[in-house]
Amino acid sequence: MTQSLLHQILDYANRANPYPIYEQLRKTPVHHEDGGPYVISTYYEIRSLLHDPRISSDARNLGSTARDPLAEPAGEESALPPGFLRLDPPEHDRLRRMTNRPFGPPHSPHRVDGMRGELHDIVSGLIDGIGDPGRIDLVEQFSYPFPVTVICRLLGVPREDEARFHTWADTLAASLDPDPDADPTERGKGSHDARMQLGMYLAGLIEERRKNPGDDMLSQLATAKGEDGPMTTMELLSTAALLLIAGHETTVNLITNGMLTLLRHPDVLQRLREDSRLAVPLVEELLRFEPPVQLVPQRTTLADIELRGVTIPKGASLWLVLASGNRDPQRFEDPDRFDPDRRDIQHLGLGSGIHSCFGAPLARLETQFALSELARRLENPRLLEDPPPYRQNAVLRGPRHLHISCDGIRS
Amino acid sequence: MPWTYRPRRCPVLGDGSLERLKREGRIVVVGASLAGLRAAETLRAEGFAGSLTMIGDEPHEPYDRPPLSKQVLLGRAGADRTALPRLRSVDATWRLGVPATGLEMAARLVRLADGDEVPYDRLLIATGVRARPWPRAAEAELDGVLVLRGRDDGAALARRLAAGPKRVLVIGAGFTGSEIASACRERGLPVTVAERGAAPLVGALGGVVGAVAARMQREHGVDLRCGVMVTALEGDASGRVRAAHLSDGSTVETDVVIVSLGATRNTEWLAGSGLGAGPRGIACDAGCRAFDIRGIVTDDIYAAGDVARCPHPLFGYQFLSLEHWGNAVSQARIAAHNMISESTERIPHMEVPAFWSSQFGVNIKSVGVPSLGTEITISQGALDSHRFIGVYGYQGRVIGAVAFDHARWLPFYQELIETTAPFPPAFPTVDRRSDGQRPVDADFPDPSVPTHGPTVTVGGYAPADRRMTFTPAH
């Protein structure tokens, strides 16, 4: 019996290359299997739903009959209220606005740009510490530690605590990576404990920052006195946890997918080595070609919505397959070709609408730095395994390890 | 040789004249601003290899205007730092600082102020608009009385504000006037705004939204006076403005007055040319080809940007002239494409109008034509929070929408406008509050008050004798 398309998306066997399944999926832009979510896979339809105010991100609006095969286990979220990613306006708008104050324009236009020096130092330090160039696991040695270190600096986690932070982040990331062989109760307990400990640690840090504020984001969030009033401690905790988790798991995959793609396109790697300015359009094309968030599974309809002749009923669960929209030939010429010179590149890799990626400016800069420095410093890099082993997760897709070797590390 | 059937494989080639035009033709663009520049870039991008002449009355290379009433007034950017980025090389002959003074349609040439005549095969008119000056010339010449339209205006006004005037008076609370008032308050300057209508922005967005704009101004310390007119500006012995007299009998002591009474289209130079140009702009078809005064479309003269007036199929084929940035860009591209295309390859200008403004910390953005609306409903957010979406209805359909700090939702409302969705929208949305459920009168000013006089009279008896006489309004 042929497997349903929904199961094929989830099937780990297809993780290394899900694009042929997406291609099939696009033949039915609004795909629905009995009892499952409505799966949207074409560019224009995804984009229109991302801007549709009849679509909610709040799980409380999900109809009781809608079954979501990716739903988080019950109790997972209970330790903290949902972050603004899972809220609708006006709560979403208020929290996102407050979080944006110390992060981006108009109030903090220099925050991300001001981290350039620090990003460069962290990248250099990690590459310096690689050791044996003959066998590198790029994920463990580079793409994972980099964004976690960055988010620690951004939030203002003291350097001596970064190691503890890494451990919690690791556990929480693993919980988003459901391994069918692991005992779900055991894993649930582990992530619950990590979340508790992280929450308690952050609560202590916030308390301390309220008394002695620094210029880090956590201090600014904890002492904010804007028109929106202060965040409650619980709001602060869930926002900080959101920044931590959303802010690094995606970047790990973007950097790793990027290096994998470059190693598969040595001509582009060579161009990047010679001219680091290529990193800017290259990262945009990467976000189209191999987006770290493959699909958005957390949307619900507040009303019956007609799309391409199909009525999606109120309370239905939606999957918006961003990675498929990014390869829609109706929108992009020759979509399966990786082309950093592409001019028309309005991809969906960072979403769109009010939930479009909050950390995008930082993620872009991190990945631009990471890829151009790797290209410059690794001598004659090559893949030891293609395709590499992937993480289980179909939503946040990326290699679990990326084993590469090179002839040496340039200084 | 016997006649043989040859299928027209490529109708685009026609008789070859178009290919010749693209290879060695002469295209003249009058107006070297946003629309002119983007048109020139499009011509080159689409393979026009002939000669291209750009004529502009200002001495500056094309620059961007939106920052002039925002960043420039705040002192964050110099007026000379607003040059438009070039998307590609246009390889043109630039005639800057020389206004065009006349058009000879039959001879196909443009006359310039310095006496030159520039011949063309295709002409694009993108002369835009200028600020309407204070109507009394003697008062308009007082030192300290300014308008804001061009780069030099922006620089002059920024200097005045930086010098710390004791009070600024803004006459007119449309978008430009409101943005100026916002910049003044951000700089800590006392500012009075005098508006003839019932509220700021009322002409563009109606009274319901205008009331929000009025509250925003007052909350930010603007001395907003609505329903009044400035009757006279008074200067001191040295010719500096010192006070303004208002129709309610009050007086405002001020040393800087900014006249923001809208714009006048730059069409005077076309008077007598026979082109369908007047105070309301240049009438064109949906493909940006200009009409002559007989209502016949020309095939070699095009118009784009603020000066163009095109019929729009979504809005009852009304001739819309829009002073919107995005409109200038899209019309310029369409005009440029159509100029060098066969009739079957031409494209119509069907973009949904959109504009934005930034004032008092709020991002205002609109799609469609709100001013055609008669009713409004608040579909998301709430008026009193200054964060909302207002949807405008006209005869049971959605015709426009405005967002205050909600711009990311607008593509959805644009689609409603494009698909003539029913009004009021019947569906629930995230963040729909109870006060927004019922549509109310959008409260636009009475449209029956005429703003323009007749511009054409018809004479003669027999069809062959009938003549139209073009009479510019004064």
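A: Here is a short tour, from overall build to local details.

Q: What kind of model is this?
A: It is a predicted model.

Q: How many helices and strands are there in chain A?
A: Chain A has 15 helices and 12 strands.

Q: What is the radius of gyration of chain A?
A: It is 21 Å. A compact globule with 411 residues would come near 22 Å, so chain A agrees with that.

Q: And what box do the C-alpha atoms of chain A fill?
A: Roughly 60 × 55 × 45 Å, taken along the principal axes.

Q: How much of chain A is buried?
A: Buried residues are 57% of the 411 in chain A.

Q: Which share of the contacts in chain A comes from residues 24 or more positions apart?
A: Among contacts with a separation of 6 or more, that share is 75%.

Q: What about the accessible surface of chain A?
A: It comes to about 17,300 Å². Carbon and sulfur atoms account for 51% of that surface.

Q: How many charges does chain A carry?
A: There are 46 positive and 60 negative charges in chain A. Their mean positions lie 3 Å apart.

Q: Let's zoom in. Where is helix 13 of chain A?
A: Helix 13 of chain A covers residues 279–289. In this helix, 9 of the 11 residues are buried, so it is largely enclosed by the rest of the structure.

Q: Which residues are buried in helix 13 of chain A?
A: Among them are A:Ala279, A:Leu282, A:Val283 and A:Phe289. The buried set also includes charged residues by name: A:Glu284, A:Glu285 and A:Arg288.

Q: What covers the buried residues of helix 13 of chain A?
A: The cover includes helix 2 (19–25) and helix 11 (233–264) of chain A. Helix 12 (266–274) and helix 15 (360–377) of chain A are also part of it.

Q: Which residue forms a salt bridge with A:Glu373?
A: A:Arg376 does. The closest N and O atoms are 3.1 Å apart.

Q: Where do A:Glu373 and A:Arg376 lie?
A: Both are in helix 15 of chain A, 3 residues apart. That spacing is about one turn of the helix.

Q: Why does the spacing matter?
A: An α-helix has 3.6 residues a turn, so residues three or four places apart point the same way.

Q: Is A:Glu373 buried or exposed?
A: A:Glu373 counts as buried, at 8% relative accessibility. A:Arg376 counts as partly exposed, at 36%.

Q: What about A:Arg337 and A:Asp339?
A: Their side chains meet in a salt bridge, at 3.5 Å from N to O. A:Arg337 is partly exposed, with a relative accessible area of 41%. A:Asp339 is buried, at 14%.

Q: On to chain B. Which residue forms a salt bridge with B:Asp299?
A: B:Arg346, with the closest N and O atoms 3.4 Å apart. This pair links distant parts of the chain, 47 residues apart. B:Asp299 sits in strand 21 (residues 297–303) of chain B. B:Arg346 is in the loop between helix 7 (325–339) and strand 24 (354–359) of chain B.

Q: How exposed is B:Asp299?
A: B:Asp299 is partly exposed, with a relative accessible area of 38%.

Q: Which residues are linked in a network with B:Asp299 and B:Arg346?
A: B:Asp285 and B:Arg289 are linked with them in a network of salt bridges.

Q: Backbone now. Which peptide bonds are cis?
A: One of them runs from A:Pro89 to A:Pro90, with omega near 5°. A:Pro90 is in the loop between strand 3 (55–56) and helix 4 (91–100) of chain A. Another cis peptide bond joins A:Pro105 and A:Pro106, with omega about 5°. A:Pro106 is in the loop between helix 4 and helix 5 (116–128) of chain A.

Q: What is phi of B:Cys288?
A: It is near 75°, a positive value in a residue other than glycine. Most residues other than glycine have a negative phi, and most peptide bonds are trans.

Q: Is B:Cys288 buried or exposed?
A: B:Cys288 counts as buried, at 0% relative accessibility. Its place is in the loop between strand 19 (281–283) and strand 20 (289–291) of chain B.

Q: And B:Asp443?
A: Phi of B:Asp443 is near 65°, also a positive value. B:Asp443 is partly exposed, with a relative accessible area of 43%.

Methods:
Residues numbered from 1 in each chain as written. Chains lettered and ligands numbered in written order. Predicted model: local features only at pLDDT ≥ 70, side-chain atom pairs only at ≥ 80, totals over all residues. Heavy atoms only, no water. Helix = DSSP H or I, 4+ residues; strand = E, 2+ residues; numbered from the N terminus. Rg over C-alpha atoms; globule rule 2.2 N^0.38 Å. Buried < 20%, exposed > 50% of the residue type's maximum accessible area, 1.4 Å probe, protein only. Contact = heavy atoms within 4.5 Å. Areas by Shrake-Rupley, 256 points an atom, 1.4 Å probe, with all protein chains shown as cover. Charge placed at Lys NZ, Arg CZ, Asp CG, Glu CD. Salt bridge = Lys/Arg side-chain N within 4 Å of Asp/Glu carboxyl O.
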